[in-house]
Amino acid sequence: MRPMSTNDTPPERSEGPTGPEGSGTPVPPSAPASPDPVAPPDPVVPPEETGRQRLAAGLWPPRVSRAQLIVALLLFVLGLGLAIQVRSTSDSSALRGARQEDLVRILDELDGRTKRLEDEKQRLEDQRKELESSSNQAEEARKQTVEKERQLGILAGTVAAQGPGITLKITDPKGLVRSDQLLDTLQELRAAGAEAIQINGVRVVAGSYFSDENGGVGIDGKKITQPYEFRVIGKPQDLEPALNIPGGVVQTLEKEQATVAVTRSAKIIVDALRAAKQPDYARSSS
């Protein structure tokens, strides 16, 4: 045996698990245990959609083509223009602020005018029938001529008249009421069925004219001063509402700080007369 030198190194021994007898035989690592098999989850079945849900899905989000968008824009512009036109027309209406009672009165006034025209038509037809069937046509014609002369005399102002009507009194302490406002009042009364009118002792007829005078108003060249008093023969139920409609005569005069009073009466006397004027050129053709 030779001695071990210091340079000799003993061989390394591999460390590791050994067999049961420590024979040094390595033991292979055991294979990992396989996991237990898991059953796959049941498939999720979506709920069946209702008809309303399918309709909503079809409508939203909207599928709009370019042509449909242009047509919709044009229709919107057209509708907006029509709405603006209707609004402008409504705003220009003189009765846009009228109450229901005022509108009813105006409709009643229109019905009254229609009724008067129908009565006049019926009266003329009755006269024609009387002339055709009267045994004494000459006498009947004379009676009708006298009655017609009386009616024309009332309209021409050559005959005094009386009957139901109203009295309209306008007090103008500041002198702001002008002749055109009195003329508008006269026209409104005529439109409501006035048959005879007298203002401060001046009989007003179809040919009357109004003018502004210093400190008053002139009617047919005759100066009158306030208070201006209209005596009007006609149906009071038509005359008074015609003056009190919204934006009408009474409101216009009150804006001029004038005081207006309307009084109904069962008997109005219009006794101011005008001289009958003989025409210079016109002659009867009969």
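Me: How many helices and strands are there in the chain, and what makes a stretch count as one?
Reply: The chain has seven helices and eight strands. Helices (H or I, at least four residues) and strands (E, at least two) are DSSP runs, numbered from the N terminus. A word on the source: this is a predicted model, where local features need pLDDT of at least 70 and side-chain atom pairs count only at pLDDT 80 or more, while totals for chains, interfaces and linings use all residues. Residues are numbered from 1 along each chain as its sequence is written, and side-chain values use heavy atoms, with hydrogens and water left out.

Me: Why is A192 called buried?
Reply: Buried means under 20% relative accessible area, exposed means over 50%, and partly exposed is in between (1.4 Å probe, protein chains only). A192 has a relative accessible area of 1%, so it is buried. You will find A192 in the loop between α5 and β2.

Me: What is A192 in contact with?
Reply: Contact means heavy atoms within 4.5 Å. Leaving aside neighbours within four places in sequence, A192 is in contact with E109, R113, R116, D238, L239 and A242.

Me: Why is S179 called buried, and what does S179 touch?
Reply: S179 has 8% relative accessibility, so it counts as buried. This residue of helix α5 touches F210, S211, D212 and V217, not counting residues up to four places away in sequence.

Me: Which residues of α5 are buried, and how do you know where they lie around the helix?
Reply: They are S179, Q181, L182, T185, L186 and L189. Seen down the axis of α5, the buried residues fall within an arc of 165°, so they line one face of the helix. The arc is that of the directions from the helix axis to the C-beta atoms.

Me: What makes a group of residues a nonpolar core, and which members of the largest one touch the most others?
Reply: A nonpolar core is a set of buried Ala, Val, Leu, Ile, Met, Phe, Trp, Tyr and Cys residues joined through side-chain atoms within 4.5 Å. The largest has 28 residues, and I170, L182, L189, I197, I199, F230 and V232 touch the most other members. Among the elements that give two or more residues to this core are β1 (161–171), α5 and β7 (228–233). A second, separate core of six residues includes I154, A161, I233 and V270.

Me: How do you know that β4 and β5 pair?
Reply: Two strands pair if DSSP finds at least two bridges between them. Strand β4 (residues 210–213) and β5 have four bridges, in the antiparallel sense. One example is F210, whose bridge partner in β5 is I219. The two strands form a hairpin with two residues between them, and G215 in the turn has a positive phi of about 80°.

Me: Is N200 buried, partly exposed or exposed, and what about D220?
Reply: N200 has a relative accessible area of 30%, so it is partly exposed. D220 has 17% relative accessibility, so it counts as buried. N200 has a positive phi of about 50° although it is not a glycine, and phi of D220 is near 55°, also a positive value in a residue other than glycine.
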